[in-house]
Amino acid sequence: MKILIEKDYETMSLRAAEITAAEIKKRRRLVLGLATGSTPLGMYRKWIELVKSGQLSFAEVTTFNLDEYLGLPADHPQSYHSFMQEQLFRHIDVKPDHTHIPNGVTPDAVKQCKEYERLIHQAGGIDIQILGIGQNGHIGFNEPGEDFGALTHVVRLQESTRKANARFFSRLEDVPTHAITMGLKSIMNARQVLLLAAGSDKSDAVYKAMYGEVTEQLPASVLQLHPNCIFILDEAAVSNL
Ligand code: GLP
């Protein structure tokens, strides 16, 4: 695992954007795994600036998002479909049929999870997986206790995760209780993983992910076993080192 520490959120986002943009420019037909949450937004903004100034193109890029809330249709304002549309897709030249996000209102979630893995495989696998991290060490929506061997599947969200994400909803009761997420094995299958974290509220999870025991109780700790993983952090996220 490689660790890059930047001064603040802005420089962390810039570094992450530079690393990913260099790969997109080099290989063009890249398969990107994308994340939601507030952490990657700075990097997405830099990508948008690069696209608008003609320095970067997503025209041949394929994307797979990590997760989606179960029960929220794509056009729900708090769905991860809406989030990605608003924060990234509608501002860049990615082809809409090259973007993939699990369907939150599927009649057969188990079948859809299998289909999602099949699509990733058919695209040639994920080249670069972007991750944020939850305060409890979750990645995607893989909560503590999740099986390291899991592919895309349905999960029940922990109350702490629902509370942390309640800021995007009007009331805690509106936050879905379940989600579809790529599993820890799906994430480990990516050729490269970039985990972004900023702020002191992530420092405990980040420290345990980097130096703690590799345990299903701290899902991000599995990344210690990944052959090509970079943690891109701001100084606050390593304030307890
Ligand atoms: C959600 C997402 C995760 C994300 C996490 C942290 O639970 N499913 O993919 O990493 O939030 O979000 P934030 O970056 O807003 O702290």
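**Entry 1. The whole chain**

I began with the overall dimensions: with 241 residues, a compact globule would have a radius of gyration near 18 Å, and the chain agrees, since I found 17 Å. The radius is taken over C-alpha atoms, and the globule rule is 2.2 Å times the number of residues to the power 0.38. I note that this is a predicted model, in which local features need pLDDT of at least 70 and side-chain atom pairs count only at pLDDT 80 or more, while totals for chains, interfaces and linings use all residues. I number residues from 1 along each chain as its sequence is written.

Along its principal axes, the C-alpha trace spans about 45 × 45 × 35 Å. I then listed seven helices and 10 strands; helices (H or I, at least four residues) and strands (E, at least two) are DSSP runs, numbered from the N terminus. I found that 43% of the 241 residues count as buried. A residue is buried if 20 or more other C-beta atoms lie within 10 Å of its own, exposed if 12 or fewer, and partly exposed in between, with C-beta atoms placed from the backbone.

For contacts, I required that the C-beta atoms of two residues, placed from the backbone, lie within 7 Å. Of the contacts with a separation of 6 or more, 79% join residues 24 or more positions apart.

**Entry 2. Helix 1 and the residue after it**

Helix 1 covers residues 9-27; at 1.5 Å a residue, its 19 residues should span 27 Å, and its end C-alpha atoms are 27 Å apart, which agrees. The expected span is 1.5 Å times one less than the number of residues. Which residues of helix 1 are buried? I recorded Met12, Ser13, Arg15, Ala16, Ala17, Thr20 and Ile24. These buried residues pack against strand 1 (2-6), helix 2 (41-52), strand 6 (128-131), strand 9 (192-197) and strand 10 (229-234).

Just after helix 1, I came to Arg28, with a positive phi of about 55 degrees. Most residues other than glycine have a negative phi. Arg28 lies in the loop between helix 1 and strand 2, and it counts as exposed because it has 12 C-beta neighbours inside 10 Å.

**Entry 3. Helix 2 and the residue after it**

I repeated the span check on helix 2: its 12 residues should span 16 Å at 1.5 Å a residue, and its end C-alpha atoms are 16 Å apart, which agrees. Its buried residues are Gly42, Met43, Tyr44, Lys46, Trp47 and Leu50. Their cover includes helix 1, helix 3 (80-87) and strand 9. Just after helix 2, Gly54 takes a positive phi of about 75 degrees.

**Entry 4. The ligand shell and Thr39**

I next looked up the 14 residues around the ligand, where Ala35, Gly37, Ser38, Thr39 and Gly132 come nearest. A residue is near a molecule if its C-beta atom, placed from the backbone, lies within 6 Å of it. The shell divides into four nonpolar, nine polar and one charged. Here Ala, Val, Leu, Ile, Met, Phe, Trp, Tyr, Cys and Pro count as nonpolar, Asp, Glu, Lys and Arg as charged, and the others, Gly among them, as polar.

Where does Thr39 lie? I found Thr39 in the loop between strand 2 (31-34) and helix 2. Thr39 counts as buried because it has 25 C-beta neighbours inside 10 Å. Leaving aside neighbours within four places in sequence, Thr39 is in contact with Gly132, Leu196, Ala197 and Ala198. Thr39 and Ser53 are 14 residues apart in sequence, and their C-alpha atoms are 23 Å apart in space.

**Entry 5. Positions from the UniProt record**

An unreviewed UniProt entry places "domain: Glucosamine/galactosamine-6-phosphate isomerase" at residues 14-224. I noted that UniProt positions are in the numbering used here, that feature names are shortened, and that annotations may be inferred rather than shown by experiment. The end C-alpha atoms of residues 14-224 lie 24 Å apart, and the span is 33% helix and 15% strand.

For "active site", the unreviewed UniProt entry lists Asp67, Asn136, His138 and Glu143. Is Asn136 buried or partly exposed? With 18 C-beta neighbours inside 10 Å, Asn136 counts as partly exposed. His138 counts as buried, with 25 such neighbours. Asn136 lies in the loop between strand 6 and strand 7 (153-156), and His138 is found in the loop between strand 6 and strand 7.

Not counting residues up to four places away in sequence, Asn136 touches Glu143, Pro144, Gln158, Ser160, Thr161 and Ala205. With its neighbours within four places left aside, His138 is in contact with Glu143, Pro144, Thr161 and Pro219.
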